[in-house]
Amino acid sequence: MQPQPDFIEDVRSASRSMVRALGFMGGDFAGTDLSPSAVHALIEIEQGCGRLSARELGERLRLEKSSVSRMLRKLVGAGHVLEGAAEGDARVKWLALTDLGQRCVASIHAFARAQVTGAMAQLPPQQYRTVLEGVRLYADALERACDAGAGPAASLAAAPVTLHSGYRPGLIGRIAEMHALYYAREADFGLRFEAVVAGGLADFCGRLHARGDAPHALHGLWWAEAQGRIVGSVAIDGEDLGPGIAHLRWFIVDDGVRGAGVGRRLLQAALDFVDRRDAFRETQLWTFSGLHAARRLYEAHGFACVEERPGDQWGRRVLEQRFTRQRP
């Protein structure tokens, strides 16, 4: 169902007000004398940690190659950015911030945090979550609409997604990356969380490889692929919680395909694996309070929350939750 015309105009008006307030209409942006695209480029380069190419930067900012090249020349000339050849392929240039660039980005973050803090101070605390969820929903919808308009080649959401099982090169790093990026945004988790994910997954993959894919195997790992890129994962560990218990772990879906049913397909593949094995009497998973979409998906597949307790194993104190699903 399409929204009514009056609603469309109200959203447009609010969007224009936000654009004006954030400074996109001219003058200094984010407390700098840089253009909005240059400011966002510096932030993306910082987050790329020295492994972002000019082509990838253009894709993230939705800018043409020539525009990115001109902008990078200015940033390099101003002493904010360095370009270095990628190991094994001199044609690819990795982008990194100089010390000056890092100081500039730090001031950009401070300016933006002050903007948000000042705005939120105008609202009662009980409306904070409403603002966050509304802005996030709108931004995600805009992203999907832009991707759809750019055609299938530019959109993971429009690409066919296939499921695979077992290990492949790069899998551990990619799954850890998806977890780190998502939970940094959703729960402010950082280095400790990413290290726990990567270390635990590396240990698990060693056991997975040793057991193979025999009918009696107690371990399974599934991953979704779109346009040659891993966009989701889930695993069943049949050892770490004790006899008879299947542990559902590393369930994650990339932002580009979220909402397209990929998570449901991955979860079903894992549970089908469990249900085919008499060795399991139940499946358990650990998560934490506040991940409402994930909880709805778990409950739709027969899980129930049976335990809640405060914990900080992931680097920040949260209300941890244990879900269980009995064998059908």
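Two strands pair if DSSP finds at least two bridges between them. Helices (H or I, at least four residues) and strands (E, at least two) are DSSP runs, numbered from the N terminus. In this predicted model, 7 strands form an open sheet of mixed pairing, in the order 4-5-6-7-8-10-9. Its edges are strand 4 (162–165) and strand 9 (304–311), each pairing on one side only. From one strand to the next, the twist averages 25°. Axes are lines fitted to C-alpha atoms, for helices over the stretch in contact, and angles run from 0 to 180 degrees between N-to-C directions.

The model is predicted, so local features need pLDDT of at least 70 and side-chain atom pairs count only at pLDDT 80 or more, while totals for chains, interfaces and linings use all residues. Residues are numbered from 1 along each chain as its sequence is written, and side-chain values use heavy atoms, with hydrogens and water left out.

**Strand pairing**

- Strands of a sheet pair through backbone hydrogen bonds, either parallel or antiparallel.
- Strand 5 (residues 219–226) and strand 6 (residues 229–237) run antiparallel and are joined by 8 bridges. Trp222 has Val234 in strand 6 as its bridge partner.
- Strand 8 and strand 10 also run antiparallel, with 7 bridges. Here Leu285 is partnered by Phe323 in strand 10.
- Strand 9 joins strand 10 through 7 bridges, again antiparallel. Glu307 stands opposite Arg322 in strand 10.
- Strand 9 and strand 10 form a hairpin with 6 residues between them. In the turn, Gly315 has a positive phi of about 100°.

**Burial in the sheet**

- Buried means under 20% relative accessible area, exposed over 50%, and partly exposed in between (1.4 Å probe, protein chains only).
- Strand 10 is largely enclosed by the rest of the structure, because 7 of its 9 residues are buried.
- Thr283 lies in strand 8 (residues 282–288). Thr283 is buried, with a relative accessible area of 1%.
- Contact means heavy atoms within 4.5 Å. Not counting residues up to four places away in sequence, Thr283 touches Ala246, Leu248, Leu271, Val274, Phe303, Phe323, Thr324 and Arg325.

**Helices across the sheet**

- Helix 7 (residues 171–187) lies across strand 5, strand 6, strand 7 (245–253) and strand 8. Helix 7 runs at about 95° to strand 6.
- Helix 10 (residues 292–300) lies across strand 7, strand 8, strand 9 and strand 10 (318–326). Helix 10 runs at about 20° to strand 10.

- Gln227 has phi near 55°, a positive value in a residue other than glycine. Gln227 sits in the loop between strand 5 and strand 6. Gln227 is partly exposed, with a relative accessible area of 45%.
- Trp250, not a glycine either, has a positive phi of about 50°. Trp250 is in strand 7. Trp250 is buried, at 9% relative accessible area.

**Nonpolar surface patch**

- Met18, Val131 and Val135 make a nonpolar surface patch of about 230 Å². Accessible areas come from the Shrake-Rupley method with a 1.4 Å probe; for residues, only the protein chains shown count as cover.
- Patches are made of residues with over 30% relative accessible area and no salt bridge; like charges are joined within 9 Å, nonpolar side chains (Val, Leu, Ile, Met, Phe, Trp, Tyr) within 5 Å. A salt bridge is a side-chain nitrogen of Lys or Arg within 4 Å of a carboxyl oxygen of Asp or Glu.
- Val131 lies in helix 6 (residues 128–150). Val131 is partly exposed, with a relative accessible area of 31%.
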